[in-house]
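Let's take a walk through a protein model together.

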Amino acid sequence: MKKLLLGDEAIALGAIYAGLSGVYAYPGTPSTEITEFIQKDPLARERGIRSRWCTNEKTAMEAALGMSYAGKRALVCMKHVGMNVCADAFVNSAITGVNGGLVVLAADDPSMHSSQNEQDSRFYGKFAMIPIFEPSTQQEAFKMMGEAFDLSEKMGVPVLFRVVTRLAHSRAAVEIGELKDQNNFNPSSGKGWVLLPGIARRQYVALIGKQAAMAAAAEESKHNRLEEIPDQVGDDKKDGRAPLGVIACGIAYNYVCEAGAQNVLKVSQYPLPEKKIKELAARSQSILVVEDGQPVVEQDVKAILGAGYKVEGRLTGKLPRTGELNPDNVAAALGKATGKGFPQAANLAARPPQLCPGCGHRDVYNALNKVAAEYPGARVYGDIGCYTLGALPPFQTLSSCVDMGASITMAKGAADAGLFPAIAIIGDSTFTHSGMTGLLDAVNDHSNITVIISDNLTTAMTGGQDSAGTCKFEAICLGLGVEPEHLHVVNPIAPNMEAITQLIRKEIDYNGVSVIIPRRECMQTLRRHSKK
Amino acid sequence: MKTDIILCGVGGQGILSIATVIGEAATAAGLQLKQAEVHGMSQRGGDVQSDLRLSTEEIHSDLIPRGHADLIISMEPMEALRYIPFLSPDGAIVTSSKPFVNIPNYPAEDAVIAELEALPHVLKYDIESLAREAGNPKGANMVLLGMAARFLGIFKPEQLRAAIASIFAAKGDAIVEANCKCFDLGYELQQ
């Protein structure tokens with residue numbers, strides 16, 4: 001049976017077919033569709049696969065580890081920066097080891113289509129010393145998911161599954177394989193889960209002891225394929241060596257094939273297959289490493305082959321240092337002719353994304369701008385979500401956007417330094433993801449900040465997923481110690497805006513923590529709900 | 001045989017629906033297909049684009065190389081211009097002629113149209129008005145697909161019509177008919 005699937009959907013279906021019992025995730029482009037697919041899939045429902053959204057990537061990672069402890073197969077999904085949020089649990093899950101198979105999926109976003117950086121999750125895999133899978137195609141993504149679970153159980157460690165935007169959000173036909181049974185409930189009784197120093201030291205030695213087996217598995221893996229060297233490559237051979245060997249990782253392999261390169265080592269499973277790399281090097285005069293993201297493999301290959309061997313890639317400028325790969329920059333690096341299109345059009349303007357017409361964030365920004373203009377020192381610290389677009393015209397309200405939750409804590413730090421008025425704006429889902437702890441710090445310090453939780457009752461930027469704190473915000477803020485007289489819920493519609501503007505003024509002038517919660521449903525989810 | 005198509009427009013204009021219909025036709029015809037989509041931030045009123053590659057042979061790259069697109073299908077005239085570096089020298093552009101102005105620095109409309117007209121093989125029309133007159137204002141994208149059909153040599157028009165029927169089947173016969181009608185109106189437009 002063949003199905004037309006997004007890369008994300010192929011990953012989801014691959015996990016379901018591999019006997020998954022639970023997916024744990026926080027929405028984040030380009031990973032969101034994996035969990036959404038599992039939530040809607042009839043087979044997943046029939047199998048009782050746990051799939052509700054988590055509060056953040058750390059809670060997701062820990063819950064998945066708990067499911068693995070109980071013997072079942074669990075999947076954690078996130079965008080690349082989510083790896084930073086769950087890093088503590090992630091790195092330590094390699095030390096505890098796993099019982100049921102545990103796969104951690106990180107969807108990287110080279111070129112930052114919807115992200116604030118282009119960090120490469122493969123560094124995390126190396127850091128935690130666990131195997132990494134990096135599929136090139138949707139078909140491979142489906143198949144590899146099952147293999148990743150098998151390898152996780154065989155090695156007793158989590159496996160990192162790394163994809164990039166272009167695979168996650170590209171559609172192709174996928175042949176669906178065999179459906180596996182789910183694991184039986186079988187909780188671990190091992191002591192290795194208690195990472196007290198004495199035990200952790202033993203566990204760490206055990207993890208290092210597994211490295212040789214992981215390397216051997218990658219060396220033998222059919223996903224690390226040294227292609228036969230075709231005769232025509234021999235035309236300009238020097239001392240029997242082809243002029244160029246190519247190491248193509250993950251999706252880069254597609255661009256290398258598109259350009260018609262030969263003498264290629266395809267890499268889709270890590271740790272790196274050192275023997276195959278040395279074999280390629282022995283039959284080539286130099287090596288070009290083609291990898292999407294950061295030069296992780298290029299650095300390692302340099303170390304493997306030594307300073308005397310010529311290795312090129314993103315570090316040497318053969319490929320661009322930043323941004324995603326594409327068929328054109330890869331063809332150019334391979335010395336192949338690139339296509340000639342028309343020159344760029346003259347009558348062209350950038351069309352950045354913007355807040356939807358009627359969106360409640362618009363009203364909030366208009367009110368904030370009005371009040372902020374009255375205070376020469378005012379700064380508004382932003383956060384991650386649709387409302388980050390408040391940094392762009394026509395609003396240009398925001399002074400910062402760093403990471404999930406940073407609005408409140410940056411406002412607090414700036415206020416500590418004497419900045420006034422320090423205002424934070426954060427969305428409802430981002431607040432429960434990582435804003436609550438910062439608000440507790442501010443309350444405990446009696447910081448002079450005004451926090452706007454712009455509540456649209458959903459996780460809007462990623463397409464309208466449920467938000468963990470809906471209906472709980474007043475209780476959360478009060479529980480954290482916000483004073484009831486400085487906690488306000490308002491409805492940001494035109495007739496109320498004058499009063500809301502006045503309220504913002506009043507709370508700015510209060511010397512302490514104030515929280516204003518403008519609450520109005522997202523226009524996108526409203527339209528969806530009214531259709532039903 | 002291969003056909004590389006760039007679909008483009010502004011977030012919310014329905015370019016992914018066109019992609020879905022072509023994808024359905026391609027699957028029914030047993031063609032290979034790869035389609036890179038835009039999800040996430042750009043969908044909020046920004047420019048959106050999708051690379052759709054069809055072939056009788058294996059397709060490697062999810063993205064279309066520069067100068068290789070056989071066809072640009074655009075819901076908006078300036079957005080069609082954005083991707084001409086990807087258009088092959090003998091490629092065609094099928095586009096709505098009506099600007100969607102949601103930015104303060106949108107170029108002069110006449111200049112956009114003139115630049116489009118200076119390119120070879122351009123078919124443009126006010127598809128929104130045509131769809132509205134046909135009583136199906138949401139069918140502008142199907143008018144555009146109809147216009148594109150003459151450049152999609154890899155399919156017969158009947159195959160695309162059948163794909164529309166299958167994609168919209170769940171919404172009932174009236175919706176299928178309204179969309180097929182829009183497709184036909186687009187197909188009958190002369191250059």
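This is a predicted model: local features need pLDDT of at least 70, side-chain atom pairs count only at pLDDT 80 or more; totals for chains, interfaces and linings use all residues.

## Where chain A meets chain B

Now zoom out to the two chains. Here 41 residues of chain A are in contact with 40 residues of chain B. Strand S7 (170–175), helix H12 (252–258) and helix H15 (327–333) of chain A each supply at least two residues to the chain A side. That side is made up of 21 nonpolar, 14 polar and six charged residues.

S7(A) pairs with strand S2 (residues 32–36) of chain B in the antiparallel sense, over three bridges. To find the spot, look for A:Ser170, which stands opposite B:Ala36 in S2(B).

## A six-stranded sheet

Next up is an open sheet in chain A, with six strands in the order S15-S14-S16-S17-S19-S18 and parallel pairing. Strand S15 (398–400) and strand S18 (487–490) of chain A are the edge strands, each pairing on one side only. Ignoring direction, neighbouring strands in this sheet are turned by 30 degrees against each other on average.

A:Val451 has A:Val515 in S19(A) as its bridge partner. Helices pack on the sheet as well. Helix H17 (residues 406–416) of chain A touches strand S14 (379–381), S15, strand S16 (422–427) and S17 of chain A, and its direction makes about 175 degrees with that of S16(A). Helix H18 (residues 428–445) of chain A touches S16 and S17 of chain A, at about 145 degrees to S16(A).

## A strand, a helix and a strand

Which residues of helix H14 (residues 296–305) of chain A are buried? They are A:Val296, A:Val297, A:Glu298 and A:Val301. Their cover includes H7, strand S9 (245–249), strand S10 (264–267), helix H13 (274–282), strand S12 (287–290) and strand S13 (311–312) of chain A. Just after the helix, A:Gly306 takes a positive phi of about 85 degrees.

H14(A) also belongs to a right-handed β-α-β unit together with S12(A) and S13(A). S12(A) is covered on both faces: A:Ile287 and A:Val289 are buried on one side, and A:Leu288 and A:Val290 on the other. S12(A) runs parallel to S9(A), with four bridges joining them, and A:Ile247 has A:Val289 as its bridge partner. S12(A) also runs parallel to S13(A), this time with two bridges; there, A:Ile287 is partnered by A:Val311.

Start with A:Cys77, in strand S3 (residues 73–79) of chain A. Is A:Cys77 buried or exposed? A residue is buried if 20 or more other C-beta atoms lie within 10 Å of its own, and A:Cys77 has 31, so A:Cys77 is buried. Leaving out residues up to four places away in sequence, A:Cys77 touches A:Val23, A:Ala25, A:Ser31, A:Ile34, A:Thr35 and A:Leu105.

A cis peptide bond joins A:Thr29 and A:Pro30, with omega about 5 degrees, and another joins A:Tyr270 and A:Pro271, with omega about 10 degrees. A:Gln396 isn't a glycine, yet has a positive phi of about 50 degrees; A:Gln396 sits in the loop between S14 and S15 of chain A and counts as exposed because it has 12 C-beta neighbours inside 10 Å. A:Leu457, also not a glycine, has a positive phi near 65 degrees, but with 20 such neighbours A:Leu457 counts as buried.

Key: Residues are numbered from 1 along each chain as its sequence is written. Chains are lettered from A and ligands numbered from 1 in the order in which they are written. Two residues are in contact if their C-beta atoms, placed from the backbone, lie within 7 Å. Ala, Val, Leu, Ile, Met, Phe, Trp, Tyr, Cys and Pro count as nonpolar, Asp, Glu, Lys and Arg as charged, and the others, Gly among them, as polar. Two strands pair if DSSP finds at least two bridges between them. Axes are lines fitted to C-alpha atoms, for helices over the stretch in contact, and angles run from 0 to 180 degrees between N-to-C directions. A crossover is right-handed if, with the strands pointing away from the viewer, the path from the first strand over the helix to the second runs clockwise.
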